[in-house]
Amino acid sequence: MREKTPRKFSTTPGTRDVLPPESTRLLDAQARVLARFRLHGFREVITPALEYSEVIEEPKLRDSAFKLFDPDNQMLLLRPEVTTPVARLVAQRLRNSPPPYKLSYSLPVYRRAGVGRGQSAEFRQAGVEAVGSASPGEDAGTIALLVDVLRTLGLRPGTDFALVLGQAAFYRGYLKGAAPGVAPDVLAALADKDLVRVDEISRTLQPEVAASIREIPRLVGPAADGSVLERAAGYAGRNEEAAAALENLRLILDHLQAIGPLDGVMLDFGLIGRHDYYTGAVYEVYASGLGFTVANGGRYDNLLRRFGEPLPATGFAISLERLVSALPERRADPLVVLVGASVEATRAASELRDSHVPVLHLAEDLPPAQAADYARSVDADWVCYPAPGGVKLAPAVGGEAEILAPGAVAGRVIS
Amino acid sequence: MRGLRVAVPKGAIFEDALAALESAGMPVGVLRDDGRRLLYRADGAEFIMSRPSDVPVFVEHGAADIGIVGKDVLDEQRPNVMELRDLGTGACQMVLAAPRTKVEEVRRSIDHAEVVRVGTKFPNVARRYFEGMGRQAEVIELHGSVELAPLVGLAECIVDLTATGTTLRENDLVVMDEISSSTARLIANRGSYRLRHREVAGLIEAMNRNGDRVG
């Protein structure tokens, strides 16, 4: 019997080793996501995994973060998200260049909360931030980029995913005007997604206001169908802030429509995101068959003020592991295992790579059966030996071997 | 596409949950036939039978689209789900209770901010309750028969759920404070609420139309 592995050699709760082919899929998806970010002009930044604990202000995020102390006894956090560190970076490093700052990242984040509830303590977020512009065109631009990314990776809008879009300023504006006394409580209840509590609070108010407070967060429907916006306008009445927020949302939808149909975009006036964080457009992406959000984002015009630069900002973060789990199966890249301890084998491997064939050179003299076993263990489709005049190529699953010139292998294995 | 998958709680609020779903026109008849199965299918809809405290877990992960569960469970777990409707049934109170002979002693301890030992199935609720008052408690988490704890000296008082107060009376326990009241709630997965909004909204509408008559 194998000895029991000591506990300290396992990975810590909520973390894991990622092995091929999953790791390959994850990094492939990351590369394709970052390529789309670049196509839209977002440039990558890398922030440290450790931040002073003061950088993150939101109590829930602070609570969920892993904490440690540096030699000066300062409390540090492992970043639980990337938007705040990027905001810090913008305020500290970029104040001498003109806004807007369009930055992207793909970094691991760390959270204690959720471990034991099927959520990881370490996961990757890929996202963009457009800092320094309040234009609805920027909101629409980042939303369009997110949809572009999802489509590029093979997800169909409306069928495989839906982007749920809200406007946090609409309900907040309405409440501030119509029922300022209960506004904070109602917004806190809605941030907790507790519509029952919203109803309870509304009961103390006069019927017309109470009805609006109850019904606005329940307005959900396809963006292509204009009636959701109309009903929202009806509930808002003559409230100026709410009207401005609605106009902002209409503009965002106009921009999006200029690029393509609004398939897969849903409006939800109950979506306000984290408590007291989003100040305008706010959105979440859901993939069918997945209970959690794949991506989320929105406008957060108050965050940068903390770092001494009151700049408006908008952006999103994609949860890469969740995204990968929602992606359609994709054929892995081909791989040839070239077997042989000889100098000829080394030369043949190099020649194959010159013609863009991925080659794993196994510098041992292994008999074909063992070589095929090995090839299958590394998900390689082909086994190959150096031969006079070229290489002897055979499928790893068994079958006829054939002698090919090195230059002809690419045509055979890369379809 | 399959119909909605519903997490139905076994135990005290099972019948109330069925009545609510029935009022919305869901084919819940199959659930009454045979009490041992865990998964039922009828007319495209699916029903998961689960412990009440597991209902939010199924729903949060999207393993069920919607579920019915007491507010007490939601208060304890604080799951990331949509809380859509108060079904008004299964009413009960979360209370602080102590043995009749110890009530004054416990009250004095709490008043003087001494540490009291609390037995409970709801450790988060208990902790928040005492923290909210600025008082200290040592919370002992139990999984059943919480009433026993103060009788054998495991705890000085308990935080527990009571509907009629019978069990408390039988064990000579007295309610010292009402912490919160609870009723059954309809909850939904965040994704299902949006992706299948028409079905979920239709269900709620039907409940609103018929539910009050039944419930």
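In what order do the strands of the open sheet of three strands in chain A stand? The legends below take up this sheet and other close-up views of a predicted model.

**View 1. The open sheet of three strands in chain A has the order β2-β4-β3, with antiparallel pairing.** The edge strands are β2 (residues 50-52 of chain A) and β3 (residues 67-69 of chain A), each of which pairs on one side only. Direction ignored, neighbouring strands of this sheet are turned against each other by 40° on average. Between β2(A) and β4(A), which spans residues 75-78, the strands run antiparallel and are joined by three bridges. A:Leu50 has A:Leu78 of β4(A) as its bridge partner.

View 2. The partner strand β5 of chain A, residues 101-110, pairs with β1(A) in the parallel sense over two bridges. In this pairing, A:Arg43 stands opposite A:Leu103 of β5(A).

**View 3. Helices α5 and α10 of chain A are roughly antiparallel to each other.** The axes of α5(A), residues 168-178, and α10(A), residues 240-259, come within 7 Å and cross at roughly 170°; angles over 145 degrees count as roughly antiparallel, and the two helices are therefore described in that way. From α5(A) the contact is made by A:Ala169, A:Phe170, A:Gly173, A:Tyr174, A:Lys176 and A:Gly177, and from α10(A) by A:Glu241, A:Ala242, A:Ala245 and A:Leu246. Divided by class, the contact of these two helices has six nonpolar, two polar and two charged residues.

**View 4. Two cis peptide bonds of chain A each join a pair of prolines.** Most peptide bonds are trans. The bond from A:Pro20 to A:Pro21 is cis, with omega near 5°, and A:Pro21 lies in the segment before helix α1 (22-39) of chain A. The bond that joins A:Pro99 and A:Pro100 is also cis, with omega about 0°, and A:Pro100 belongs to the loop between α3 (83-93) and β5 of chain A.

**View 5. A:His356 and B:Ala113 have positive phi values although neither is a glycine.** Most residues other than glycine have a negative phi. For A:His356 phi is about 70°, and this residue is placed in the loop between α12 (343-354) and β14 (359-362) of chain A. A residue counts as exposed if 12 or fewer other C-beta atoms lie within 10 Å of its own; A:His356 has 8 and is therefore exposed. For B:Ala113 phi is near 55°, and this residue is found in the loop between α5 (103-111) and β7 (116-120) of chain B. Because B:Ala113 has 12 C-beta neighbours inside 10 Å, B:Ala113 also counts as exposed.

**View 6. Chain A touches chain B through 14 residues of chain A and 15 residues of chain B.** On the side of chain A that touches chain B, the elements that give two or more residues are β7 (161-167), α7 (195-202) and β9 (265-268) of chain A. By class, the residues on this side of chain A divide into eight nonpolar, three polar and three charged.

**View 7. Domain 1 and domain 2 of chain B meet through six residues of domain 1 and nine residues of domain 2.** Domain 1 of chain B covers residues 5-91 and 182-212, whereas domain 2 of chain B covers residues 92-181. The centres of the two domains, taken over C-alpha atoms, are separated by 30 Å. Helix α4 of chain B, residues 71-77, gives three residues to the side of domain 1 that touches domain 2, which is the largest share of that side. The residues of this side of domain 1 of chain B divide into one nonpolar, two polar and three charged.

Notes
Residues are numbered from 1 along each chain as its sequence is written. Chains are lettered from A and ligands numbered from 1 in the order in which they are written. This is a predicted model: local features need pLDDT of at least 70, side-chain atom pairs count only at pLDDT 80 or more; totals for chains, interfaces and linings use all residues. Two strands pair if DSSP finds at least two bridges between them. Helices (H or I, at least four residues) and strands (E, at least two) are DSSP runs, numbered from the N terminus. Axes are lines fitted to C-alpha atoms, for helices over the stretch in contact, and angles run from 0 to 180 degrees between N-to-C directions. Domain bounds come from an automatic or database domain assignment. Two residues are in contact if their C-beta atoms, placed from the backbone, lie within 7 Å. Ala, Val, Leu, Ile, Met, Phe, Trp, Tyr, Cys and Pro count as nonpolar, Asp, Glu, Lys and Arg as charged, and the others, Gly among them, as polar. Angles under 35 degrees count as roughly parallel, over 145 as roughly antiparallel, 65 to 115 as roughly perpendicular and the rest as oblique. A residue is buried if 20 or more other C-beta atoms lie within 10 Å of its own, exposed if 12 or fewer, and partly exposed in between; C-beta atoms are placed from the backbone.
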